[in-house]
Amino acid sequence: MSTTMTLASEPAKLTRNALTAERPTWCPGCGDYSVLASFYKILEKRQLPQENIVTLAGIGCSSRFPYFVNTHGAHYIHGRAVPLATGVSLARPDLHVYVFGGDGDGFSIGGNHLEHGARKNINLTYVIMDNSVYGMTKKQTSPTSPVGFKTKTDPTGAMDRPVNPVKKLLSAGATFIARTHASQVSHMMQMMERAMDHEGFAVVHVLSDCAEFFPDAFDSANPRKGGEFKVIEEKKWDKTPEDALRHDITDEAAAYRLADHPFPGLFGVFFQVNRSTKNDLEDMLIDSVRGKMGNLSDLEILQQTFHRMK
Amino acid sequence: MTYMTIPATISGGASIFQVRIGSGEVLSAGDEADFLVAFYQHSYDSHIGSLKEGGVLLYDSDHVQPNLDDKRFIYVGIAITSLTIEALGGTAKTKGKNIFVLGLLAAIFNFDAEKLKTLIRERFGKKNAALADTALIAFQAGYAYPVEDLLANRYHFEPAAHDPNKPAQITMDGNQAIAYGLIAAGVRYGAAYPITPWTSVMEILRAELPKYGGMFVQTEDELAAVSMAIGFSYSGNLAVTGSSGPGISLKTEAIGWASMAEIPLIIVNVQRGGPSTGLPTNIEQSDLCQAIFGGHGDSPRVVLAAATVEDCFYITLEAARIAKKYSTPVFILSDSSLSTRIEAFDEPDLKNLMQNLKPDLTPRPAGFKPYPLDKITQHAPPGTPMLDGKYPVLTGLEHDETGHPTGSAGLHANMTVKRRKKLQQLAAELPLPEVYGDAEGDTLLVGWGSTYGPIREAVNRVRQSGEKLSSIHLRNLHPLPNGLDTIFAHFRRVVVAELNDAGLYGFGQLATILRSRYCDPKIQSLTKTNGLSFLVKEIINGISK
């Protein structure tokens, strides 16, 4: 599908200014600000045609993202951003589809869609801002809240084992899985860029503190707060002895082991493989079916079908 | 016309297949049968009551013991089971009996045996050639069986004369008509989850849409299905999702978003008996209120209902036109009787009907508003350059004209009116339904959906007996066309016949809506919920009370 447009003048350079829409409604100190700033910077760097960028989201604080980016977008219902984005991605290969959301959207109400988007390997980038709390509704337990975390729905402390997002994504079949921290901007940008470059279902799990309801959640991974940001060392394939110890990002079993590191866990790319996307498979199906049809028009194809029903 | 009634059991059970043959308009399955084939005692026991006096009972004498003392019928007992086993060499157990009987019926009714053999080869030959050969042996054995003189010349059919100036007739079931109607309407994308009796629509679209460069996705659940279809539509490609009652319930939150964000979308509900798992393979029209009102908040949407198999085709074209023009979700209501029944109708004039829908990505001028208060929303799909550099975000939050979320109470009132008004504009454009029968009289029957046939047949039968009766059939159920009261004014009473419960206050679902619309006590209700369609005599008896 061609969307080439002849405009009166060359499109203006995509600047942060052009990309800025409404003022974010997030609380001061929210980790999501730095995710947004990183996204602006990446888009500025990449200079994609502005009209071909789509930002989609479900419900939650982080899911307000599309309002803050001046591109086509939609603020959808809770948990269903992935199937919405799947429709956009499958029908419109000319678009760059970015999904933003939180831990509730991704791992709880929309958990099944995350699995099936991953399994189908839909070509899109999904940034999940995990604050381990339901902040928008003022502190209820989230699927990643640690055991013992006191919330309004678990006043004596959360008792259910939290979801391990990386393991969930690995088992579902996501083809790019990375983890980062909203306070580590350059690492976060690297992860987001590598996700965007990946052909297939690419997820970046971002630990992004809720300043209001769980402010110290990820301090243990923040060097400025006395924590340690442990980055996965990826294999360089340089045949050095050190390389043997580094992580092969195509090794699923190794990725599981890394995902089992105790909280706050490791950061970086856990897994990346190339597997046919549903986008490609559907295109191949169309090509093979149409190849058999010859050069018939849509009208002629349907007329032929009706002829067989006479 | 054929009707199929199958049980909702995994391994099968008592299944009924009805065929009605006529040279004119065949409107319903008919109240009584001329010819009954009973394979088992239970089929005899359950259905001998629907055989016409003087009708023929053909039964498998290996399994059925009819009451031969009942002299109202003609009995023909044939050892169907043993003759089939004999023909197939004693290996086939009870399989092949249906094909044996098909051969027998072909001989009795003088069907074109060669054409049937071709169909048998097509049907079974794909799996393996030996199976087709076995089926043909069974057919031949039945065809060659010396039927008694009584039956040999009892029925005679001639092919209907074909007027070369008239379009050819094509034959399909209601779900096929919906699927091909969607294709003719230009719909190239869709997503759904399987559920009886909707499933065959998605099976057809999954196989057919790639031929047209499109795709149909089987999703993980109903919520993903409607969301993906909304994603397709949002991307500028009018899309379809569909289901049956329980699945539609699951889709309702997303349909609320489509109503709020004003997304064109087609939602097909092939209704079955409800609530819950209900009667998955039976006929009911009990999802009308769900289609119109299902969901939270005031969420306007359009509801259409197909009257016949042929109408299943045309109504999808209408649904697509309305969805695009009014940027709204549109329901198409069908039901399990339309979904499986096969009808012949004039081949549609595809040259004039076929639509070609492509996303409109022409750059939008400065000042573009996705939600103008004074106009019907027409979205700029992603990929559209916005010349003033302001890009739209579609939202389920209440919003201003630019899509900016706002909690302003006044704006919510205005936007609610905006979303409602477009349906009022549609209502004003809708034609009034034609009155069938007398233009005025005592009783006007009002129907919707698959009861079209029996209602018309009831009107015909009553008028043949010299009395007056009229009917209208509604395709547009929400909004209703304006001016129905001008039709009602010519009748002493209006009886709404529909296949749902009379409810707490004595009125079926459409009757309730019409009473609320017109506040007219002469609007009455005739309902039925036994999982089967109306018999003509039930309608006639129902209005003579």
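What percentage of the 545 residues of chain B count as buried? The value is 48%, where a residue is buried if 20 or more other C-beta atoms, placed from the backbone, lie within 10 Å of its own. Before I go on, a word of caution: this is a predicted model, in which local features need pLDDT of at least 70 and side-chain atom pairs count only at pLDDT 80 or more, while totals for chains, interfaces and linings use all residues. Residues are numbered from 1 along each chain as its sequence is written, and chains are lettered from A and ligands numbered from 1 in the order in which they are written.

Let me begin with the whole chain. Chain B holds 19 helices and 20 strands, which are DSSP runs numbered from the N terminus, helices being H or I with at least four residues and strands E with at least two. Its radius of gyration, taken over C-alpha atoms, is 26 Å, close to the 24 Å of the globule rule (2.2 Å times the number of residues to the power 0.38) for 545 residues, so chain B is as compact as a globular protein of that length. The C-alpha trace spans about 85 × 60 × 50 Å along its principal axes. Of the contacts in chain B with a separation of 6 or more, 69% come from residues 24 or more positions apart, a contact meaning that the C-beta atoms, placed from the backbone, lie within 7 Å.

Now the domains. The assignment, which is of the automatic or database kind, divides chain B into domain 1 (2-152), domain 2 (170-353), domain 3 (360-429) and domain 4 (436-544). Between domain 3 and domain 4 of chain B, the C-alpha centres lie 39 Å apart, and the contact takes five residues from domain 3 and four residues from domain 4.

Finally, I turn to an open sheet of seven strands in chain B, with mixed pairing and the order S8-S7-S9-S10-S12-S11-S18; two strands pair if DSSP finds at least two bridges between them. Its edge strands, each pairing on one side only, are S8 (215-218) and S18 (476-478) of chain B. Within this sheet, S7 (residues 189-192) and S9 (residues 239-243) of chain B run parallel and are joined by two bridges, with B:Gly190 standing opposite B:Val240 in S9(B). Helix H10 (residues 245-261) of chain B packs on the sheet, where H10 touches S9, S10 and S12 (329-335) of chain B.

Note on methods
Two residues are in contact if their C-beta atoms, placed from the backbone, lie within 7 Å. A residue is buried if 20 or more other C-beta atoms lie within 10 Å of its own, exposed if 12 or fewer, and partly exposed in between; C-beta atoms are placed from the backbone. Axes are lines fitted to C-alpha atoms, for helices over the stretch in contact, and angles run from 0 to 180 degrees between N-to-C directions.
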